Amino acid sequence: MAGKKTARVPRAAYEKELLRLQTELVKLQEWVRAEGARLVVVFEGRDAAGKGSTIKRVAEHLNPRQARIVALPKPTERERTQWYFQRYVEHLPAAGEIVLFDRSWYNRAGVERVMGFCTKEEHQLFLRQCPVFERMLVEEGILLRKYWFSVSDAVQQERFRRRMTDPTRRWKLSPMDLESITRWEAYSRAKDEMLVHTDISEAPWFVVESDDKRRARLNMMAHLLGSVPYYEVPPPVLELPRRPPSTGYERPPRDLQTYVPDHAASL
């Protein structure tokens with residue numbers, strides 16, 4: 001698919017397939033719970049590459065008690081003195097859980113490297129330790145999947161423009177996001193170096209072409225489902241109980257409680 005211009009997925013086909021894949025993700029979650037498995041999915045890529053919207057669709061119908069999104073802020077002063085991977089370790093899943101990392105320890109290979117938030121020595125240490133760290137996770141039995149969302153410079157700029165004028169998405173745009181436009185090639189070099197060192201057989205990278213967000217979401221979900229040997233766990237047999245007869249309870253008068261005004265009636 002790389003470098004090829006493809007037609008946008010039609011909305012009707014997209015929504016139908018999205019629902020099917022989300023239904024399968026629920027089955028995957030039930031398998032994770034039943035088997036006591038641990039699944040980590042890493043979402044990486046440039047700003048406005050479509051990571052966040054894909055994570056939303058992945059998690060939309062999952063049980064938040066079993067599947068959670070981890071999007072960490074910049075490290076605190078205390079965290080800066082820890083082993084670099086330490087703040088991420090505490091967010092790893094226990095048995096029966098799924099963790100979706102909206103950016104991850106790969107911050108050091110990308111934004112920290114390009115923006116000068118880490119030293120050259122810290123960056124090189126990360127590239128040496130990361131494969132070891134991930135092999136340890138896999139040896140421990142954690143299912144680790146890593147996705148890089150690839151967006152072209154033209155599409156990224158168009159998405160930035162839309163964010164600037166959309167009040168519901170304006171919060172997604174920061175001065176650092178705009179700075180990434182002027183450092184496009186620096187980010188490209190950092191990404192290439194990262195892949196050379198961390199695309200390992202135990203935890204390979206999978207690239208998602210994301211100029212078309214609909215296509216990217218469907219492709220990523222389908223790949224994740226195809227990479228895990230899950231099966232459908234039969235749901236427990238449930239029966240809706242009969243409501244018992246009234247024992248004389250009477251609801252208090254409505255004027256004793258404060259209700260939310262009916263804003264919808266004014267539409």
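The model is predicted, and local features need pLDDT of at least 70, while side-chain atom pairs count only at pLDDT 80 or more. Residues are numbered from 1 along each chain as its sequence is written, and side-chain values use heavy atoms, without hydrogens or water. Helices (H or I, at least four residues) and strands (E, at least two) are DSSP runs numbered from the N terminus.

The buried set of α8 comprises W184, Y187, S188, A190, M194 and T198. Viewed down the axis of α8, these residues fall within an arc of 165 degrees, so they line one face of the helix; the arc is that of the directions from the helix axis to the C-beta atoms. The face of α8 turned away from this side carries E185, R189 and V196, which are exposed (over 50% relative accessible area).

In helix α2 (residues 51–59) lies T54, which counts as buried because its relative accessibility is 1%. Leaving aside neighbours within four places in sequence, T54 is in contact (heavy atoms within 4.5 Å) with F43, F149, R217, M220 and M221.

The lining of the largest cavity consists of L25, L28, L39, V41, V58, L62, I98, L100 and L224. Two or more of the lining residues come from each of α1 (11–35), β1 (38–45) and β3 (97–102).

Technical notes. 1 Å grid on protein atoms, 1.4 Å probe; cavity = no way out; pocket = protein on both sides within 12 Å on 5 of 7 lines; lining within 4 Å. Buried < 20%, exposed > 50% of the residue type's maximum accessible area, 1.4 Å probe, protein only.
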